[in-house]
Amino acid sequence: MAGDYIIDNAYIYEITSVTFDGGKKGNEALIHYKPIRGTDKVFTASIPEKNFGKVGLRKLLNPEDINVILCKLTANIERYSYNAQETKEILYLNEPANVMVPLKYLWKCGDKLAKTDTDIREEMIQHLCMEIAFVTKQTTEVVRAKIEKILNK
């Protein structure tokens, strides 16, 4: 797994090494990682592999996942009840498939949104663009244009 990439709700990290802790519960993988995209800070952190989901860490999307995610942006949203707090929680959990409906809703609202909701929408778009651009080796500007084109349909 060293050399693989993971992501949370804000940054992309490179796994630098995997060690095993022979504690009471047996050999548990401890993942060591450092940020590579999304921050100018330099640090190395570690987390037990079993805790990835609890803190919103996951492996990067693969190209097939990206296609599925982008297709979800084309789906119609008919009965959707927006809740800013729930949407923030979805963002923190870092599950891109669950972000598509709120993102589409917020995009369709256009300029009628409160500043908080505009910020949430922008955070969703920036996070998607960062990850998709990294995986597809495109610029964030190209990816953003693609996402906006899909949202405008």
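In this predicted model, His-127 counts as buried because its relative accessibility is 12%, and burial requires a value under 20%. The residue belongs to helix H4, which covers residues 115–136. A polar atom of the His-127 side chain lies 2.7 Å from the backbone oxygen of Asp-8. When neighbours within four places in sequence are set aside, the contacts of His-127 comprise Ile-7, Asp-8, Asn-9, Ala-10, Arg-58 and Asn-94.

Attention may now turn to the nonpolar packing. In soluble globular proteins, nonpolar side chains tend to be buried together. Here the largest nonpolar core contains 31 residues, and Leu-70, Leu-73, Leu-103, Met-124, Leu-128, Ile-132 and Ile-147 have the most contacts inside it. Two or more residues each are contributed by helix H1 (63–72), helix H3 (96–109), H4 and helix H5 (140–151). H4 supplies the largest share of this core, namely 10 residues.

Leu-128, with residues up to four places away in sequence not counted, touches Ile-69, Pro-96, Met-100, Leu-103 and Ile-147. Ile-132 is located in helix H4 and, because its relative accessibility is 4%, counts as buried. Beyond its neighbours within four places in sequence, Ile-132 is in contact with Ile-66, Leu-70, Lys-137, Val-143 and Ile-147. The C-alpha atoms of Ile-132 and Asn-98 are separated by 16 Å, and the two residues are 34 residues apart along the chain.

Conventions
Residues are numbered from 1 along each chain as its sequence is written. This is a predicted model: local features need pLDDT of at least 70, side-chain atom pairs count only at pLDDT 80 or more; totals for chains, interfaces and linings use all residues. Side-chain values use heavy atoms; hydrogens and water are left out. Helices (H or I, at least four residues) and strands (E, at least two) are DSSP runs, numbered from the N terminus. Buried means under 20% relative accessible area, exposed over 50%, partly exposed in between (1.4 Å probe, protein chains only). A polar contact is a pair of N or O atoms within 3.5 Å; within protein, one must be able to donate a hydrogen and the other to accept it, and residues adjacent in sequence count only if both atoms are side-chain atoms. Contact means heavy atoms within 4.5 Å. A nonpolar core is a set of buried Ala, Val, Leu, Ile, Met, Phe, Trp, Tyr and Cys residues joined through side-chain atoms within 4.5 Å.
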